[in-house]
Amino acid sequence: MATTLAKAADGGTQTTGPAARIEHVSKSFATPAGQQLVLDDITLDVAPGEFVTLLGASGCGKSTLLNLVAGLDRPSSGEISTQGRPALMFQEHALFPWLTAGKNIELALKLRGVAKADRRTRAEELLELVRLNGAYGKRVHELSGGMRQRVALARALAQDSRLLLMDEPFAALDAITRDVLHDELTRIWRETNVSVLFVTHNVREAVRLAERVVLLSSRPGRVAHEWRVDIPQPRRIEDTAVAELSVEITEQLRGEIRRHGQH
Amino acid sequence: MASTETTTVTEGAGPAAVKDGGRHDMSGLEAGLDALETVQTTRIPLRQTLVQKVLPPLTAVLLVLVVWQGLVSFKIVDDPSKLPSPSAVWDEVSDAWLQGTLLDYIWTSVSRGLLGFLLALAIGTPLGLVVARVRFIRSAIGPILSGLQSLPSVAWVPPAVIWLGLDNKMMYAVILLGAVPSIANGLVSGVDQVPPLFLRAGRTLGATGLRHTWHIVLPAALPGYLAGLKQGWAFSWRSLMAAEIIASSPDLGIGLGQLLENGRNASSMSMVFLAIFLILIVGIAIDLLIFSPLERRVLRSRGLLVRS
């Protein structure tokens, strides 16, 4: 089990089909005012090893879509298929405060069925991967916001899933910490070759990280536009190319939001 | 866009070199952030603990003793059958100690109380869990369980005597009826207060069914459960005293409740005071020795205990 990361980095023991396939997915919720359509006919594939960001204003249903892909909820119509159970990271770190950083990761390993003897070593490898070597015995409240999200990332990676879902994981962090975590995430994504579906409302963040940016319209959420981001990694959030594409995407996003003011 | 201009300049100087320098900066930056933002925890020195935690309650006790002695010395209450002097109560303590009965009184009650509490724990915990997790059972007996909590457990003494007779079984029944609802309710509210985020996180990690309960729900509910245990002990102790006072019988041995009742029958106010003090002290001691440290440990390890 300790070699799973290396195996993944070889690139493709598992190249059959996309990491996630979302086909004509719609979702509506019952409200006092009747059925409200939140997601309308979304079709989207995430290729193995691909990094996709979902971008949209409030009410575009991006978190709903992520919940559907994570299997925490069912679509009203359409189909979602993933290879195995995806790992999910939240905006809040969601680490269990009754466990140390290391034991949080070990719980994920245990629930996945990793043998007891291998858990400790594997947890320490994962902490090393997020550059938190000394944090094994630390309690959650003893860690800073950025460190907590790195432990949460390590715990998500402990699931050894082919698909990592991230729901605005850096939104609550300060700008400098967020920059650092962007770097970490890009490095880890390239090292592990995991597929990432990353939800955000921050255009620059989306362009900084992704190979493909998908813009959702709001109420109901539909795929409004897609961009392939060919800027070579490692990128920085202040790079010209990142800024230029961000301007273009922001224009589109504003257009989507304006449409709602008109009726 | 000021940043656009800056980037253009650095790119002219050679993007690759800048990128490499940037990488280096970032990991240095990360180490700096980690060092800056890590919470330092230090232990409070012993002297400070003594001054802040031990001194105030000692002062309060001393003040009560001074006022009490004053009431007797200045003959404000001049009737030993109403208010014995502190020295008379102290004589009662040393007599009981010299006769070797003091520890017997205490142990008779404490052993009953703790055994009853452990039984209540063994029944209340699974009951609370089932009520918290199974919707039908919750709507069926949840309200009754909360209602039972406000029923004074002394009300159970007469029926318990009729059903079980004057023996230890009756005592345990009264303790159980007093403590089980508190313990179960504590667990129910502990489970209710588990942040939904933990439940979702647990489910995405693949915890389902019993494993979800064991690894996620129970540890997350522990603070509420402990609060319930603490209250459960208080209820056990109170119920036991009520049972011992009302249902005293020579076969049962003399516990603190019987001691109090004996003092009343002998019109010995100093014995009554002795019994009341012992009941109070045992209640405080069990809390200080068992429940408070347990609760503090759990809260501290989760960063929920704020030091002022």
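Analyst: Happy to! A residue is buried if 20 or more other C-beta atoms lie within 10 Å of its own, with C-beta atoms placed from the backbone. One thing to keep in mind throughout is that this is a predicted model.

User: Good to know. With that cut-off, how many residues of β3(A) are buried?

Analyst: Five of the five residues in β3(A) are buried, so by that definition the strand is mostly covered.

User: And which way do the residues of β3(A) point?

Analyst: Phe51(A), Thr53(A) and Leu55(A) point one way from the strand, while Val52(A) and Leu54(A) point the other way.

User: What sheet does that strand sit in?

Analyst: An open sheet of six strands in chain A, ordered β5-β6-β7-β3-β8-β9, with mixed pairing. At the edges are β5 (87-89) and β9 (223-228) of chain A, each of which pairs on one side only. From one strand to the next, the twist averages 15 degrees.

User: Nice. How many bridges does β3(A) make with β7(A), and is the pairing parallel or antiparallel?

Analyst: β3(A) and β7(A) pair in the parallel sense over five bridges. Within β7(A), Val199(A) is the bridge partner of Leu54(A).

User: And what about β3 and β8 of chain A?

Analyst: Strand β3 (residues 51-55) pairs with strand β8 (residues 212-216) of chain A in the parallel sense too, over four bridges. On the β8(A) side, Thr53(A) has Val213(A) as its bridge partner, and Leu55(A) has Leu215(A).

User: Which strands does helix α2 of chain A lie across?

Analyst: Helix α2 (residues 62-70) of chain A lies across β3, β5, β6 (163-167), β7 (195-200) and β8 of that chain. The helix runs at about 150 degrees to β6(A).

User: Let's zoom out. How is chain A divided into domains?

Analyst: Domain 1 covers 13-86 + 161-262, and domain 2 covers 95-160. Their centres, taken over C-alpha atoms, are separated by 25 Å.

User: How many residues are in contact between those domains of chain A?

Analyst: Twelve residues of domain 1 of chain A are in contact with ten residues of domain 2 of chain A. On the domain 1 side, helix α6 (residues 175-192) of chain A gives the most, with six residues. By class, that side has eight nonpolar, three polar and one charged residues.

User: OK, switching to chain B. How many helices and strands does chain B have?

Analyst: Chain B has twelve helices and zero strands. Of its 308 residues, 29% are buried.

User: How many of its contacts join residues at least 24 apart in sequence?

Analyst: Taking contacts in chain B between residues at least 6 apart in sequence, 73% join residues at least 24 apart.

User: What does UniProt list for chain B?

Analyst: An unreviewed UniProt entry lists "domain: ABC transmembrane type-1" at residues 106-290 of chain B. Over that stretch the chain is 84% helix and 0% strand, and the end C-alpha atoms are 17 Å apart.

User: Last one: how many residues of chain B are in contact with chain A?

Analyst: 34 residues of chain B are in contact with 34 residues of chain A. On the chain B side, the elements that give two or more residues are α1 (2-12), α2 (15-37), α9 (196-204) and α10 (209-246). The largest share, nine residues, comes from α2(B). By class, the chain B side has twelve nonpolar, twelve polar and ten charged residues.

Methods:
Residues numbered from 1 in each chain as written. Chains lettered and ligands numbered in written order. Predicted model: local features only at pLDDT ≥ 70, side-chain atom pairs only at ≥ 80, totals over all residues. UniProt positions renumbered as here; feature names shortened; annotations may be inferred. Contact = placed C-beta atoms within 7 Å. Nonpolar A, V, L, I, M, F, W, Y, C, P; charged D, E, K, R; others polar. Pairing = 2+ DSSP bridges. Axes fitted to C-alpha atoms, helices over the stretch in contact; angles between N-to-C directions. Buried ≥ 20, exposed ≤ 12 C-beta atoms within 10 Å, placed from the backbone. Domains from an automatic or database assignment.
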